[in-house]
Every structure is written in C-alpha cells, then in structure tokens.
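Work through the following exercises with the sequence and the model side by side. Each begins with a task and continues with a solution in steps.

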Amino acid sequence: MTCEELRPEYDAYALGIAEDPERGELDAHLARRCDACSRGIAQARSTVAALSGIVESVAPPSGLRRRVLAMVAQDAPAREQKWSLPAWLPWATSVAFAVALAVVVTRPASVAPVNPDVAKLEQALSILNDPVTQDVSFGEPTARGRVFVSPSRGIVFIAAHLPKLDPGKTFQMWVIPAKGNPISAGTFVSAADASAIHLRPGPVTGAAAVAVTVEPAGGSMQPTSTPFIVTKL
Amino acid sequence: MQRGHNSRYSLGYPMILLPGLILALELSETNDEVLVRALQRRESQAMADSYDRFGRVVFSVVLGVVRDRVIAEDLTQETFLRAWNRAAGFDAVKGALGPWLLAIARNRAIDHVRSVSGRMDRNSFEFDAREHPSLFVDMEREVINKDHARVLRGAMAKLNQNHRQVIELAYYEGLSQSEMAERLSQPLGTIKTWVRAALKTLRDEIGQELAA
C-alpha cells in the first residue's frame, strides 16, 4: 500500500486499534524508515498522548512514589546509595523475608548437600538484585502476584489467591518463547493460604511470557491445560 | 525550555544552597533531555522527578482503564520500572518522555484488561514492539498538561455519541475496529469513519490550542 493509502490509518495505528492489512503495511513502512509515515505516526502518537486528557485526573496514593523509587534505588549508581538506602531497605527486607519463608514452605523433602534454604534465598535475591530484572505483576481473577525475570539468573514467581488443586495435580510454570513450544520451568504447589513462591534458577533466553498451568502431579512435558496465568515480559 | 545545567543530577551546584527554592525551580525547569540523560545514567533522582512530573497522569490513565486502584498501583509501578530499564534506548534529544510513559502505561493496562476478559490476541504481544523508546521521537512534547486536558474534555463533550463511544472503546478498552463493529453492531467501514472523524476533531481542537 502507498503512504497516501495508509495515511487515514495513522491515528488508529497509534491508538493500537488498527488491523491487518493496514497494520502490517504500516509496520513495514516504519521498519524501512518511510519519512511520510514516520512523521504521520509521530503526529498521531502525539494525539494519542493528548487523549490522556479525557481521563479523570486521580492522585495516586502517597505510598506509590516510595514503592516506585524503592524499585530503582538498589540499581542506582553507588554514589546515590547513601541517601537512597532507607527507601529500599524495608522493601528488600520484606521481599527477603517472604522469599525465605517460601523457601521453607516449598523446599523439597529430599536432603540437599549444604544448607539448601540459604542457597535458594541467595539465588532468589540474586535475581531480584539483577539490574536488568524485569518485574511484571499480574492480577488474574483467580490469582494475583508478580514475576521477576533475570535473563542471566532465573525467575522468581510470587502469587497469592491461587486456585485449589485437585488431588494428583500440581502447578507448573512455563517459559513461553517468542517462537516455539513452552519450556517447563518447574512444578510447585501452594501453601495452606493459597500463596506460593517458585524459584527457577538459571538463564532465561528468548522469553516472551511466563505462564502457569495445572498439570498432573510430577508435571508435563508440554502444557495439557489452558494457562490461568500468562504474564508477558 | 532548554536548561544550561543539570544540577539536580550528578554535576550540579551544591544543594545545601536554598535547597527548597532550588528544588522548586528545577522541578519546573527540568526538561526531557536532562531528565532522560539522568535516567540513562541510572540516577534515582531522575526517576523521582519523572514520577513527580508524570506519576499522576500515568496512574490516572491506568486507573481509567483497569478501574481497580490496587491493580493500577501495580501497573503504574511496572510502567516506571519499564521506563527505567529501557531508557537506554531513548533518544534524549528528540524523544518525548511523557508520551512514551503514557504509551507504556496504557499498553500495560489494556493488556491487563484483555487478559482478564480472555481477549489475549496477537495485539498483546505486539504492544511491546510499539512502545519501543526509539519510536517516540519528533513528537509534540507539550500535549500533556492541564490546559490541553481541559480543551480535550470540552472537545469530547462536543462529539456526537457515536464518535465519543468509539474513542472511549478504543482508548479505555483497546478494542480493535472489528471488535467495535461487533460490539456496536455496525459495519466495519462505519466504525472506521467514526474513529477517523472523532480523532480528527480532537486533533484539530488540540492543534488550535497548541497554535494559540
């Protein structure tokens, strides 16, 4: 399609509601740095940004600023750490405590060679401390929680309000690549209060999403049920 | 407005000098370029400033879509964390920080609504590609302010019901034009016409305000 033919679609594209074939055509025009379409889409993106004005302005809760800053403070350059320490300390402490607690709850029955709880805690904190770790929250109707994904160190999955498992069933986490089949990221069960923390150490390459399904005890090679949590990265 | 220094961040004058006044002045003067460069240096003060400038509008947009304060808080936090982690790809000179943050925020919120309603489709995965920081360049940066919001709300009120409805379905629910056609039992061509006409009207109103 020509730029002239695509021009009426600029706004819909910027708004995220355009469909193929126009959407694909515009993707292609932008990929080859088409001047006319790039300018048009930039203007349309300005319009979409301005549409935020139609939303009722609501003040965020006061604690949200602290939460946002706590998430980044641990990753700031060393010269800033002195004054930022008090902001992130409570958050880090609570996460460490939660992880430690979960490690105790979910540790396997088999005896590992040396202090497995400490090793798992260290692995989990290593993932949380990785500057490039992605932190994605989810709030499905049946569960709420967060997933921390470090490309080089692994995944920490934290959830509450998990559905009750039938006898002989287990939760199984999956790494969904951009292309190809899901890759198992281990099985876990929930605690008595329907919460769980699951750790999958090791590199995570090419992940587009993390999902959780209910599988037969012992897990499956591929998902046998529809994921009830899908968290895109 | 271009500033001659970046004192809030790593190279500035001592903050012990009238810190309150300096803080107030710099909050109002910090421009996108200074802010983005500080974000790219991973200075947490830059995140604080970003939040102070855009936190309210980001939270409002997310809340307007998800209608749940707890989820809106989580998604707002995720929005700023994404910006923090991806600021390296942002063009500090040409980039428009506010529109980028709002795009991330709205995408996260609509993704959430879609996942809850079982409407996950390929659009969801493509949102990520369409919020890449390199795309938010050469844009009008001053579109996000109270005056323009007032103008826009006035323009929305003047739209006819059909035009207003498609804008709301698109902005708050992220419905594709086909989905809107099905929801409103209208031909796809009619929906496209309504969307174009409504957005043109709104853009013209904003444009007049910007030109004024």
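**Exercise 1: a covered strand and its partners**

Strand β2 (residues 143–150) of chain A pairs with β3(A) in the antiparallel sense over seven bridges, where strands are DSSP runs (E, at least two residues), helices are runs of H or I of at least four residues, and both are numbered from the N terminus; two strands pair if DSSP finds at least two bridges between them. This is a predicted model, in which local features need pLDDT of at least 70 and side-chain atom pairs count only at pLDDT 80 or more, while totals for chains, interfaces and linings use all residues. Residues are numbered from 1 along each chain as its sequence is written, and chains are lettered from A and ligands numbered from 1 in the order in which they are written.

Task: describe the surroundings of strand β3 (residues 154–160) of chain A.

Step 1. A hairpin joins β2(A) to β3(A) through three residues, and within this pairing A:Val149 has A:Ile155 as its bridge partner.

Step 2. β3(A) also pairs with strand β6 (residues 196–201) of chain A, in the antiparallel sense and over six bridges, with A:Phe157 opposite A:His198 in β6(A).

Step 3. β3(A) is mostly covered, since six of its seven residues are buried, a residue being buried if 20 or more other C-beta atoms, placed from the backbone, lie within 10 Å of its own, exposed if 12 or fewer do, and partly exposed in between.

**Exercise 2: an open sheet**

Task: state in what order the four strands of the open sheet in chain A lie.

Step 1. The order is β5-β4-β7-β8, with antiparallel pairing; β5 (183–188) and β8 (229–232) of chain A are the edge strands, each pairing on one side only.

Step 2. From one strand to the next the twist averages 20°.

Step 3. Strand β4 (residues 169–177) of chain A and β5(A) pair over four bridges, and A:Val175 stands opposite A:Ile183 in β5(A).

**Exercise 3: two helices of chain B**

Task: determine how helix α3 (residues 44–66) and helix α5 (residues 97–116) of chain B pack.

Step 1. The two pack at an angle of about 25°, with their axes 9 Å apart; axes are lines fitted to C-alpha atoms, for helices over the stretch in contact, and angles run from 0 to 180 degrees between N-to-C directions.

Step 2. α3(B) and α5(B) are therefore roughly parallel to each other, as angles under 35 degrees count as roughly parallel, over 145 as roughly antiparallel, 65 to 115 as roughly perpendicular and the rest as oblique.

Step 3. B:Leu102 is found in helix α5 of chain B and is buried, with 29 other C-beta atoms within 10 Å.

Step 4. Beyond its neighbours within four places in sequence, B:Leu102 is in contact with A:Ala49, A:Ser52, B:Val57, B:Val58 and B:Val61, contact meaning that the C-beta atoms of two residues, placed from the backbone, lie within 7 Å.
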